[in-house]
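I opened this entry to record what I looked up in one protein chain.

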Amino acid sequence: MNCLRNLPRSSALPLQSLNCHGRKAICSVRTLGAMKKTSDLHRGIAVKAISGSTSDTKMSDPEFKEEKKSEVYSQNMTEAMGAVLTYRHELGMNYNFILPDLIVGSCLQSPEDVDKLRSIGVKTIFCLQQDSDLEYFGVDISAIREYAKKYDDIQHLRAEIRDFDAFDLRLRLPAVVSKLVKAINRNGGVTYIHCTAGLGRAPATALAYMFWVQGYTLNEGLELLLDKRPCFPKLDAIKSATADILTELKKLPVTLTWKNNSCMTVEISGLDIGWSQRMPLRFDKEQDLWILERELPEGRYEYKYIVNGEWICNEDELVTTCNKDGFVNNYVEVFDTEPDSISAVLRKRLTGDDDPILTTDERLKIIQFLEASCPDDDEEEEGGEEEEEEEEEEEEEIQQTKPA
């Protein structure tokens, strides 16, 4: 049985704002557009967080350290996601009801947060964070999970997606939503979906569930989501994941080049590795070119060159429209070499339309895929250490997949 995994960014959309549940503004969003450069997202964070002329006394204040961590995380999130996003971890868990039985929010920070969610009827806590996300803010996920096990009316599940990485989101979404659907069917009640800030991965997962299972069009679901919570789900990732389920997932060769033999180093960021990583190009003396050859699944990919350490676009390749801040990226579109084939036409409709509509048969096929794509885990939370081993095995199975 195959399940899913790892694509870069989509275009910015206008967002609405609101106050997060029960507190003053803990999270906020405004659009930014294509990024000019990005940081290595979680590396060097301690250095960035303590730079400046801040006094030693202030730096020793735990609350101040939390604020600085939130500031650095928000900056990294803004650079990677293409929208100005703000998360204040030090103000505690924040969330919004999207539907009467569906909540999107930020991460749990302590076992006491389990009680808060139980008090509002939550039956499933669905965590999309990776261990590195938890470690950065010092969240003890083991303590939270152990505390949740004390109760028979709530279940804590993990389905990891890499932060700030739309490619990983695209390829993991089918398996993640499959696990979500089974948990909702099994547990009923209210479901709490969260990542770290509740602004990217969690709303994207909720939107995919609404689009694939609950009968919303993508724009209907997005409008409802943004009316309830400021967030920035990657629509291109959801569209591509939809097409991946309904068509054969093909990889096609792509060649990118940089013309300048005086360079010392040429790298690329974006594409299918996300904005926190870089790939080196090799120099071909015969062609006098820096070259990257790679196989990519069908889709649209944005990227940028880093030449001698400087982020720059290649004017000889496709370039995105300049946004209001003057930022642009290169992009490449990877499509079937037989554009009139049934799968190519279907993929083009699903990924090219602003608001793709699923037919009744397509939605049925997706639901059947979600119900069958990963092993059922009804007994997952009942076996102590065995439960964690099952989740680790299931995580290992999240790899590229397609419907039978």
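Basis. I worked from a predicted model, in which local features need pLDDT of at least 70 and side-chain atom pairs count only at pLDDT 80 or more, while totals for chains, interfaces and linings use all residues. Residues are numbered from 1 along each chain as its sequence is written, and side-chain values use heavy atoms, with hydrogens and water left out.

Whole chain. I counted 13 helices and 15 strands in the protein chain; helices are DSSP runs of H or I with at least four residues, strands runs of E with at least two, numbered from the N terminus. Of the 404 residues, 55% are buried, that is, under 20% relative accessible area with a 1.4 Å probe, protein chains only. The chain exposes about 18,000 Å², and carbon and sulfur atoms supply 47% of that area; accessible areas come from the Shrake-Rupley method with a 1.4 Å probe.

Strand β13. I then looked up β13, residues 299-307, and found 8 of its 9 residues buried.

Partners. Strands count as paired if DSSP finds at least two bridges between them.
- Strand β9 (residues 266-270) runs antiparallel to β13, with 5 bridges; serine 269 stands opposite lysine 304 of β13.
- Strand β15 (residues 330-334) also pairs with β13 in the antiparallel sense, over 5 bridges; here arginine 300 faces glutamate 333 of β15.
- Strand β14 (residues 310-312) is joined to β13 by 3 bridges, again antiparallel; valine 307 stands opposite glutamate 310.

Hairpin. Between β13 and β14 I noted 2 residues, and asparagine 308 in this hairpin takes a positive phi near 50°.

Note on methods. Buried < 20%, exposed > 50% of the residue type's maximum accessible area, 1.4 Å probe, protein only.
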